[in-house]
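Dear colleague,

I am passing this structure on to you, and I would be glad if you could look through it before reading my notes. The notes come after it.

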Amino acid sequence: MAGGAGRAGRGPEESLCCCEYVARGGERAHLAAALCDCQDLDEGCDRLLTCRSLPPGMLERIADTVSDRFRIPWFTGAVKVNVSLIPPLVLLPVFLHVAALHFLLAFVILTSLPIVVLWYYYLTHRRKEQTLFFLSLSLFSLGYMYYVFLREVVPRGHVHHAQVALLTCGLVLMLVALSRAKRDPGYLPSCTSSDKSPCQGSTELPSRKVLGIANGLQGAAGPGVPSSRVVNGDTKGYSRTPAEGSAEAKEDWCPKCQVVQPARAGHCRLCGRCVRRLDHHCVWINNCVGEQNHQAFILVLSFFLLTAVYGIVLTLNTICRGQATFLALFYCPGVYSDYSSALSFTCVWYCTIVTSGMGYILLIQLLNVSYNVTEREARMALRDNTGRRLLGGLVVDTGPYS
């Protein structure tokens, strides 16, 4: 025990070799011993083999242990790798290559993939967990589709260099837009964050008229309120404590971030922050979509849609010569005669499924923008029965914002 305490006490101050790391408990550990001392895993396997139920929380503890020990050697010590990044890198190429073997395999795999992805999305959404799985899947899918296009389609000689350059330009523009969408979506300064400076100031609530502006109500702030506190219908001096008896403050007070939210702001349970004009938390970019990155998010969807459709057309015109583009998607004689064309055709169908989903998201975003409603407001209106569905349910009119 004394020796263990001494090792735990040294902690990260001492230099680590490439295969050492500081475990969750603070003790030094080695990658060679990653499979040792797995009591929860041993007990879980024993219970499964003997058909006994697992105690509550055992699966979570096993997952935490695996996540903590999954590391790669590095100069300053073993670096932790997010486990959710690995499945797309391994499973996507395997599934696509297996699907290219036969039409029935392609049908089963391409039908099952969206179901599995949606199931994992609802699982993580219900647990309110952040994961890099979807971002890893989207980025690796782009890279792998581009790789297959350059390796299997371009060498056939029917795609010109200008077309390859245009497709590459679309991919680069989409990645640039993605980098902008990954930036600050409009986080409000939080008293619970590491930076306490925004909370050091007035703890008085703004006047009811200023709160009225923050809540999207009509009217001026009045002579008693400095004009510098009201910018674009918002207030800069957010209250840090809810006033007793103030209905507006209690409605807009966020107990987790310790701020009064301005109009149309919302708290993201995944990020743990309040965001200005929060639209939704997008798992595909692993970031919130709010006031400052909404335009970049729509650009990402637009560039992806144009680039993907262009790549699908080029590929079908190459491997299904003489067929109309839309018809070739469903009828391409002899496409499974050689493995190269079969793999390209399978990737085309994979891109078509993904593009259809992204196209639907873009359509909903454009409709919401045209009606000046966010996705969060639409969900809340449907939950509270205060909105009405339009255009066959594609958009929800919430009323307050025209």
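This is a predicted model: local features need pLDDT of at least 70, side-chain atom pairs count only at pLDDT 80 or more; totals for chains, interfaces and linings use all residues.

Residues are numbered from 1 along each chain as its sequence is written, and side-chain values use heavy atoms, with hydrogens and water left out.

The UniProt record, an unreviewed entry, places the feature "transmembrane region" at residues 94-120, 132-149, 161-178, 296-319 and 339-363; such annotations may be inferred rather than shown by experiment. In the model, residues 296-319 are 100% helix and 0% strand, with the end C-alpha atoms 34 Å apart, and residues 339-363 are likewise 100% helix and 0% strand, with their end C-alpha atoms 36 Å apart. Helices (H or I, at least four residues) and strands (E, at least two) are DSSP runs numbered from the N terminus.

Helix H5 (residues 103-127) and helix H12 (residues 339-370) have axes that come within 11 Å and cross at roughly 30 degrees, the axes being lines fitted to C-alpha atoms over the stretch in contact, with angles running from 0 to 180 degrees between N-to-C directions. H5 and H12 are therefore roughly parallel (angles under 35 degrees count as roughly parallel, over 145 as roughly antiparallel, 65 to 115 as roughly perpendicular and the rest as oblique). Leu-110, Leu-113 and Pro-114 of H5 meet Thr-346, Trp-349, Tyr-350 and Ile-353 of H12, where contact means heavy atoms within 4.5 Å.

H5 also packs with H6, at an angle of about 150 degrees and with the axes 11 Å apart, and the two are therefore roughly antiparallel. On the H5 side this contact is made by Val-117, Tyr-120, Tyr-121 and Thr-124, and on the H6 side by Phe-133, Phe-134 and Leu-137.

The whole structure holds eleven aromatic pairs (rings of Phe, Tyr and Trp, the last by its six-membered ring, with centres within 6.5 Å; planes under 30 degrees apart count as stacked, over 60 as edge-to-face and the rest as tilted). Among them, Tyr-120 and Phe-133 have ring centres 4.8 Å apart and planes at 65 degrees, so the pair is edge-to-face. Because Tyr-120 lies in H5 and Phe-133 in H6 (residues 133-153), this pair ties together parts 13 residues apart in sequence.

Finally, the axes of H6 and helix H7 (residues 161-181) come within 12 Å and cross at roughly 170 degrees, and H6 and H7 are therefore roughly antiparallel.
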